[in-house]
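I opened this notebook to record what I looked up on salt bridges, then on pockets.

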Amino acid sequence: MKHAQPLPATLLQRYHGWRATTFNANKAWYQRLAQEGQRPRCMIISCCDSRVHVTALFGAEQGEFFIHRNIAALVPPFQPDGDHHGTSAAVEYAVTALKVSQVIVLGHSSCGGVKGCHEMCLGHAPELEKTESFVGRWMDLLRPGFEQVRDIADENARLEALEKKAVLVSLENLMTFPFVAERVMDGSLALHGLWTDIGQGGLHIYDAKADLFVEA
């Protein structure tokens, strides 16, 4: 592949720093991970946003979480059409191969993907309406959620509500996967919905009985 370039010197320097410190101090643990394979008990579906640091948020070590990231942490509905489905493949592998006991959908404040959906639904983002927009077609998954928060007058409150609605849309879509629904029903798999406030370091947990997000 002639277009690939060498790694920037700054990243290479940081790698060597990690290898000399963190890796060497925990070499036995890394060797165990390599030899015994991964055994995560939890899958986390989060946004690609660089400000969402999943392992730091829960103080997790390498090997604890099976993490899948995409725009706005959305899960599409079960659709076995023979096409390419990265998120669905990750869910399938986590549930059927790794047999995780928990799947967490983690949304966050100031989500660019959710804001893009918001603007698109209001007719303010024609570039996302184009057939060739991968982001736009992905955010179509959240259009029904927008209709449920459209009447919130304050824009900031509406955006936050839509970010949390995205988590619920993903949870609902997870239950359309037969292998997920089966394990949820027999009690071997639990689904969780979370939303984190980046600026405040807050974590809100979805309470299904109350149908609202409660601060942890």
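Which two side chains meet in a salt bridge at 3.0 Å, N to O, one of them being that of Glu160? I found that the partner of Glu160 is Lys164, where a salt bridge is a side-chain nitrogen of Lys or Arg within 4 Å of a carboxyl oxygen of Asp or Glu. I noted that this is a predicted model, in which local features need pLDDT of at least 70 and side-chain atom pairs count only at pLDDT 80 or more, while totals for chains, interfaces and linings use all residues. Residues are numbered from 1 along each chain as its sequence is written, and side-chain values use heavy atoms, with hydrogens and water left out.

Glu160 and Lys164 both belong to helix 9, four residues apart, which is about one turn of the helix; helices (H or I, at least four residues) and strands (E, at least two) are DSSP runs, numbered from the N terminus. I then checked accessibility, taking buried as under 20% relative accessible area, exposed as over 50% and partly exposed as in between (1.4 Å probe, protein chains only). Lys164 is buried at 13%, whereas Glu160 is partly exposed at 32%.

I searched the whole structure and got eight salt bridges. One of them joins the side chains of Arg143 and Glu129 at 3.0 Å, N to O. Arg143 sits in helix 8 and Glu129 in helix 6 (residues 126–129), so this pair ties together parts 14 residues apart in sequence. I also saw that Glu129 and Arg143 belong to a network of salt bridges with Arg137 and Asp140.

I turned next to the pockets, a pocket being, on a 1 Å grid over the protein atoms alone, an open set of points where a 1.4 Å probe fits, with protein on both sides within 12 Å along at least five of seven lines, and lining residues having an atom within 4 Å of a point. A volume here is the space filled by probe spheres set on the points, which are joined across faces, edges and corners. The largest pocket holds about 300 Å³, and among its 13 lining residues Pro76, His84, His85, Gly86 and Trp138 lie nearest its centre. Helix 4 gives the most to that lining, with three residues.

The second largest pocket has a volume of about 240 Å³, and I found Lys164 again in its lining, together with residues including Lys165, Glu172 and Asp211. Helix 9 gives the most to this lining, with six residues.
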